[in-house]
Amino acid sequence: MNIQRRRFLCLASGVATLPVATRMARAQGYPARSVRIIVATTAGGATDLAARLAAQWLTEKLGQSFFVENRPGGNNNIGTEAAARSPADGYTLFMANSVNTINASLYQKLNYNFIADFAPIVRIVRSPLLMMVHPSVSAKTVLEFIAYARANPDRISMGSGGHGSSAHMAGAQFMMLTDTKMVHLPYRGESLAMTDLLGGQVQVVFATTGSAIEYAKAGTVRVLAVTTQAGFDGLPDVPPLAQFLPGFEVSGWSGLCAPKNTPAEIVARLNKETNAAIADPRFRQRVADLGGTSPGGSSADFARFIAEETEKWVRVVKFAGIKAD
C-alpha cells in the first residue's frame, strides 16, 4: 500500500506540474505570429504614439511584428469595444487611456465593462496637464484665479479637447474643489481649444503637456499650475495644483491591456518586456519628448490604478451632473 501510495503521489505530482510546464512553454513560444495593438483614437495623438513606441520595442525584442490598428470614434468606445470582443489569445492587445476610466461613469450604458473585460498589463505613459490662462486674465496665481472665478460665476469660458476628455474632467474637479462655476466649451480636439485660448475666445484650458508645452515656454499663455502632485520637470517653477487643493491629481495616461482571460503567462511576459523598455534610457527619453514619464510597475499596480481612477471620476461626474452627449 505504501508503494502504491508513493507511486500515486508521484503521478499526481507530475499531473499537477503539467499545467505549469505547459503554461511556461506557451509563454516561451509567444508570440508565434504578428500582434495587433488596438488604439481607440486617431493616429498622431498621445495614446497612438505611446502604442507605437511600445510596438517598436516589442517587435525588436520578441521577434514578431507588433502593429497599431487605429479604431477611433465614439469617444474611445468603438475601439475599446472592438478590443474587448477580440480573442483572448495574446494576439490582440489594447492601448487604454484615461478616457476609459472616465467613460465608465460618463455613459449609462456601454457594450463592455472596462474593468471586467480587460486584463491590465502595464501603464506606459503618464502626462500631467497644465492649467493655463489667457494673458488678459488678471490672475497670476491659482489662489488669485479661484477668487476671480468665484467673483465671476459662469462668466469664464473653459475650453477642452472634448466632452469627457481628461481636460474637461480636470476642470470639473477643479470647480468641485473650489466651489466655482465656469462654462465648458468642448472642441473637436485639444489643438482647437488651444487656438481659441491663444486668441482669447476662452480664458482657461487644462491641456496636456504635449500640445501645450511650447506655448507655455514661449510665454504666449500663462501657466498657473500642473495637475500632478509631483509637478513637471519641464516647467520646474510651476507649482502643482495639489499645493493649493490637497489631493488634486489628474493626468493623461496610456497603458497596455489585453482582453480578459488572456493567458496569465502571456500577460506576465508582456509586462516584463515592457518594463524592460521603460527601464531603457532611450525609451524614457522618447516618452519625455512627448511631455510624459513612464510609471511601469506590475499588472496588479496598473489594476489598482484603474480602479482608483474609475472611482474618482464617478464622484466628479455625479457632482458636476456631466452626461454623455
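Predicted model: local features only at pLDDT ≥ 70, side-chain atom pairs only at ≥ 80, totals over all residues.
H2 passes H11 in a right-handed crossing.

**Exercise 1.** Determine how H2 and helix H11 are oriented to each other, and which residues make the contact.

*Solution.* 
- Step 1. Take the geometry: the axes of H2 and H11 (residues 281-289) lie 11 Å apart, and the packing angle is about 165 degrees.
- Step 2. Apply the cut-off: an angle over 145 degrees counts as roughly antiparallel. H2 and H11 are therefore roughly antiparallel to each other.
- Step 3. List the contact: H2 contributes Leu53, Ala54 and Gln56, while H11 contributes Phe283, Arg286 and Val287.
- Step 4. Sort these residues by class: four are nonpolar, one is polar and one is charged.

**Exercise 2.** Classify the packing of H4 against H12 by orientation and by handedness, then describe the contact.

*Solution.* 
- Step 1. The axes of H4 and H12 cross at roughly 45 degrees and come within 8 Å.
- Step 2. Angles under 35 degrees count as roughly parallel, and 65 to 115 as roughly perpendicular.
- Step 3. The handedness of the H4 and H12 crossing is right-handed.
- Step 4. On the H4 side the contact residues are Thr101, Ile102, Ala104 and Ser105; H12 meets them with Ile306, Glu309, Thr310, Trp313, Val314 and Val317.
- Step 5. By class, this contact has six nonpolar, three polar and one charged residues.

**Exercise 3.** Describe the largest pocket by volume, lining and class.

*Solution.* 
- Step 1. The volume of the largest pocket is about 1400 Å³.
- Step 2. Its lining has 43 residues, and those nearest the centre are Thr41, Gly161, Ser165, Gly189 and Glu190.
- Step 3. Elements that give two or more residues to this lining include helix H2 (46-62), helix H4 (98-106), strand E4 (118-133) and helix H7 (166-178). Helix H8 (190-199), helix H9 (209-218) and strand E9 (251-259) are also among them.
- Step 4. The class count of the lining is 15 nonpolar, 25 polar and three charged residues.

**Exercise 4.** Do the analysis for the second largest pocket, and state which element gives the largest share of the lining.

*Solution.* 
- Step 1. The second largest pocket has about 230 Å³ of volume.
- Step 2. There are 13 lining residues, with Ala172, Met175, Thr180, Met182 and Ala320 nearest the centre.
- Step 3. Two or more lining residues come from each of H7 and helix H12 (299-320). The largest share, four residues, belongs to H7.
- Step 4. The lining divides into seven nonpolar, four polar and two charged residues.

Key:
Residues numbered from 1 in each chain as written. Heavy atoms only, no water. 1 Å grid on protein atoms, 1.4 Å probe; cavity = no way out; pocket = protein on both sides within 12 Å on 5 of 7 lines; lining within 4 Å. Points joined across faces, edges and corners; volume = space filled by probe spheres on them. Nonpolar A, V, L, I, M, F, W, Y, C, P; charged D, E, K, R; others polar. Axes fitted to C-alpha atoms, helices over the stretch in contact; angles between N-to-C directions. Left-handed = near helix turned anticlockwise from the far one by under 90°. Contact = heavy atoms within 4.5 Å.
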